[in-house]
Amino acid sequence: MRIVSWNVNSLNVRLPQLVRWLEHDEARAPDILALQELKLEEGRFPRAELETLGYQALVSGQKTYNGVALLARTLPTDPVADMPGYEDPQRRMLAAAVDGVRVVNFYVVNGQSVGSEKFDYKMAWLEAARGFLAAQLAQYPKLVVLGDFNIAPDDRDVHDPVAWHERILCSTSEREALRRLLALGLHDTFRMFEEGAGHFSWWDYRQAAFRRNLGLRIDLVLVSDALRAHCAGAGIDRVPRAWERPSDHAPVWLEMAL
DNA sequence: ATGGTGGTGCGACCA
């Protein structure tokens, strides 16, 4: 089973790249695909085009901002788009079951800058996410949590840790919030297969950051203890980031032997 | 140097 997370930064703009990416290497096409930053309402989701490629989609959409989807060969079941007890008009979460695996797709709040109002929202959102994931784990031991976490787990995940020291996406409080999620019994699958620095999933559009590999690794695929031994490979697909008019994020993937 | 790029949508706001 191959599972992928990709922040597409507007599905309206990126649909041609998504289609091209799904077709360019069919042997590596995902069984499950989690998308973030659709920036469209559910009614504008391109269901027909994706059905042609063999995918059924669950969508939690929103005009202009946010928006997430879960795609699989058969429609994911038992969907949840709201974290119980946490009111959030922003569409940032979608959980459902596919082939006996529970999948939670997150588009974590960016947070703008440490100490801002948006930062407070980010920290509150992450605390709600911790409670939600604890409940999901209790109900579904085989859990995958993936998406744009807007947190670089440690300095290996940052091209210039000095310049980014205690800045948004890299601050100690954000990293501790991520640690509290991992402490539930979740594992950063990329680090099961690669311990080195310099592997990124997001590069700013400015200053030719991708060409110079000035990036951060903020898109993650986490698995629960019950799935850990089944992980066979994980990585970041930089290919579509080099295409014309790309998303600023690369797809990140996990291969599981189930 | 508080810049730089891109998406949404037409003026800011978000990342």
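**Glu244**

I started with Glu244, which counts as exposed at 72% relative accessibility. My cut-offs: exposed is over 50% relative accessible area, buried is under 20%, and partly exposed is in between, with a 1.4 Å probe and protein chains only. Glu244 has its place in the loop between strand 13 (231-236) and strand 14. For those elements, helices (H or I, at least four residues) and strands (E, at least two) are DSSP runs, numbered from the N terminus. I also looked up Asp204: 40 residues separate Glu244 from Asp204 in sequence, and 15 Å in space, C-alpha to C-alpha.

A note on what I am reading: this is a predicted model, where local features need pLDDT of at least 70 and side-chain atom pairs count only at pLDDT 80 or more, while totals for chains, interfaces and linings use all residues. Residues are numbered from 1 along each chain as its sequence is written, chains are lettered from A and ligands numbered from 1 in the order in which they are written, and side-chain values use heavy atoms, with hydrogens and water left out.

**Aromatic rings**

How many aromatic pairs does the structure hold? I found four. Rings of Phe, Tyr and Trp (its six-membered ring) pair if their centres lie within 6.5 Å; planes under 30 degrees apart are stacked, over 60 edge-to-face, and the rest tilted. Phe106 and Trp125 are edge-to-face, because their ring centres are 5.0 Å apart and their planes are at 75°. Phe106 belongs to strand 7 (residues 101-107) and Trp125 to helix 3 (residues 117-139), so this pair ties together parts 19 residues apart in sequence. Phe106 is buried at a relative accessible area of 0%, and Trp125 is buried too, at 1%.

**Charges over rings**

Next I checked for charges over rings, meaning NZ of Lys or CZ of Arg within 6 Å of the ring centre and within 35 degrees of the ring normal. Arg20 lies over the face of Trp243, 3.9 Å from the ring centre. Arg73 has its charged end over the ring of Tyr55, at 4.3 Å from the centre.

**Pockets**

Then I went looking for pockets. On a 1 Å grid over the protein atoms alone, a pocket is an open set of points where a 1.4 Å probe fits, with protein on both sides within 12 Å along at least five of seven lines; lining residues have an atom within 4 Å of a point. The largest pocket holds about 1000 Å³ of space, a volume being the space filled by probe spheres set on the points. Which residues lie nearest its centre? Out of 38 lining residues, I noted Asn110, Asn150, Leu169, Trp202 and Arg206. The lining of the largest pocket has 14 nonpolar, 13 polar and 11 charged residues. Here Ala, Val, Leu, Ile, Met, Phe, Trp, Tyr, Cys and Pro count as nonpolar, Asp, Glu, Lys and Arg as charged, and the others, Gly among them, as polar.

The second largest pocket has about 180 Å³ of space. Its lining has 15 residues, with Arg2, Trp21, His24, Arg28 and Asp237 nearest the centre. Strand 1 (2-7), helix 1 (11-24) and strand 14 (252-256) each give two or more residues to this lining. Helix 1 has the largest share, three residues. By class, I get 10 nonpolar, one polar and four charged residues for the second largest pocket.

**Positive phi**

Most residues other than glycine have a negative phi. Asn9, not a glycine, has a positive phi of about 50°. I placed Asn9 in the loop between strand 1 and helix 1, and at 12% relative accessibility Asn9 counts as buried. Thr64 has a positive phi as well, about 75°. The loop holding Thr64 runs between strand 3 (56-60) and strand 4 (68-72); Thr64 is partly exposed, at 40%.

**Two last residues**

Is Ile168 buried or exposed? Ile168 counts as buried, at 14% relative accessibility. Ile168 sits in the loop between strand 8 (143-148) and helix 4 (172-182). Leaving out residues up to four places away in sequence, Ile168 touches (heavy atoms within 4.5 Å) several residues, including Asn110, Val114, Phe119 and Glu174. Phe119 is 49 residues from Ile168 in sequence, but 8.3 Å away in space, C-alpha to C-alpha.

Phe193 is in helix 5 (residues 190-193) and is partly exposed, at 37%. Beyond residues up to four places away in sequence, Phe193 touches Cys231, Ala232, Gly233 and Ala234.
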